[in-house]
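Please look at the structure first.

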Amino acid sequence: MDGFSAEGILIVGLGFMGGSLAKALKKRGFSGPVFGLDVNPEAVERGKKLGVVDGGWTDYDSVPWKDVDFVILASPVRTFEAIARNLKGRLKKEATVSDLGSTKRLVYRLEEVLGPRFVGAHPIAGTEKSGVEHARADLYEGKKLIITPTERTDPFHLERVKNLWTFLGSKVEFMSPELHDFVFGVVSHLPHAVAFALVDTLRALSGEVDLFKYPGAGFKDFTRIAASDPTMWRDIFLENKDNLLKSIESFKNSLERLEKLIKEERAEELKEYLNEISVLRRGLD
Ligand code: NAD
């Protein structure tokens, strides 16, 4: 099992990401029980009915804590601190706690509650879909998984989290929580903010004509992520506020540069600018 072992795993937040984790564990042959805890009873029922988890509850007291030595937080990031306070006092001495959250400086606040057993992690995988019914067993295979250790992180728990994700076929990388939030503020949180704003622009300009009748593949490709879960994205935007605001400022500068070139009809410069960017984008694939 690639060095990974656990008696039983509890996933807190049985949605798309948590459900995909449960399915991936089973697909890869994890033999212990995988449990789910969610505030939404429908998510728990669905998870059990679909066979994604071996047991599921909405309250902490029903969880068989003696069978759990690994907990993964998979709910919206702003729920993590309250969940950590609920876990404290219920966990076995050797239990590891980690997460799937999209922002990582909150690791320091979670360490305050849970101590060095908490290890922050972020799978660079996902879609705009939410809910356990969309969960996919292969979601994490071949995808990057960023672990964000701090000075306090316990090496034993760090190793367990690394082994979990290697076992699931992810490519593990390490980053500081600060670097993580800067990087993903630019490459993930900004594009989501822009996609939301772009769809809003169509709404703002729809008057006599309903512009939503006309978008082609380009608009749909560009804005697919604006169909994402609003609670999840509200939490990410607020948790990574400083990095996101700097990214938005930089994006506005780029848009202003483009606006100026168009307004002043500087055709040669405009073409040069578009060419530079087009080359950069093609280099991504
Ligand atoms: P989701 O909406 O599909 O699932 C979230 C689940 O958490 C829901 O079932 C909800 O009922 C539950 N929940 C909410 N508050 C809770 C609480 N206090 N206690 C227990 N359960 C609670 O969302 P998702 O896409 O699975 O995202 C989950 C986490 O994964 C988020 O932290 C997000 O930042 C992170 N993430 C998402 C993606 C993605 O593309 N979807 C990618 C990487 C990381």
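This is a predicted model, where local features need pLDDT of at least 70, side-chain atom pairs count only at pLDDT 80 or more, and totals for chains, interfaces and linings use all residues. Residues are numbered from 1 along each chain as its sequence is written, and side-chain values use heavy atoms, with hydrogens and water left out.

Q: At what angle do helix 6 and helix 9 pack?
A: Helices (H or I, at least four residues) and strands (E, at least two) are DSSP runs numbered from the N terminus. Helix 6 covers residues 177–205 and helix 9 covers residues 241–263, with axes 9 Å apart. Axes are lines fitted to C-alpha atoms, for helices over the stretch in contact, and angles run from 0 to 180 degrees between N-to-C directions. The packing angle is about 60 degrees.

Q: Which word describes how helix 6 and helix 9 lie to each other?
A: Angles under 35 degrees count as roughly parallel, over 145 as roughly antiparallel, 65 to 115 as roughly perpendicular and the rest as oblique. The angle here is about 60 degrees. The two helices are therefore oblique.

Q: Which residues of helix 9 meet helix 6?
A: Contact means heavy atoms within 4.5 Å. From helix 6, the residues taking part include F182, V186 and L190. Their partners in helix 9 are N243, L244, S247, I248 and F251.

Q: Which residue of strand 9 stands opposite I146?
A: Two strands pair if DSSP finds at least two bridges between them. Strand 8 (residues 144–147) pairs with strand 9 in the parallel sense over four bridges. Opposite I146 stands E173.
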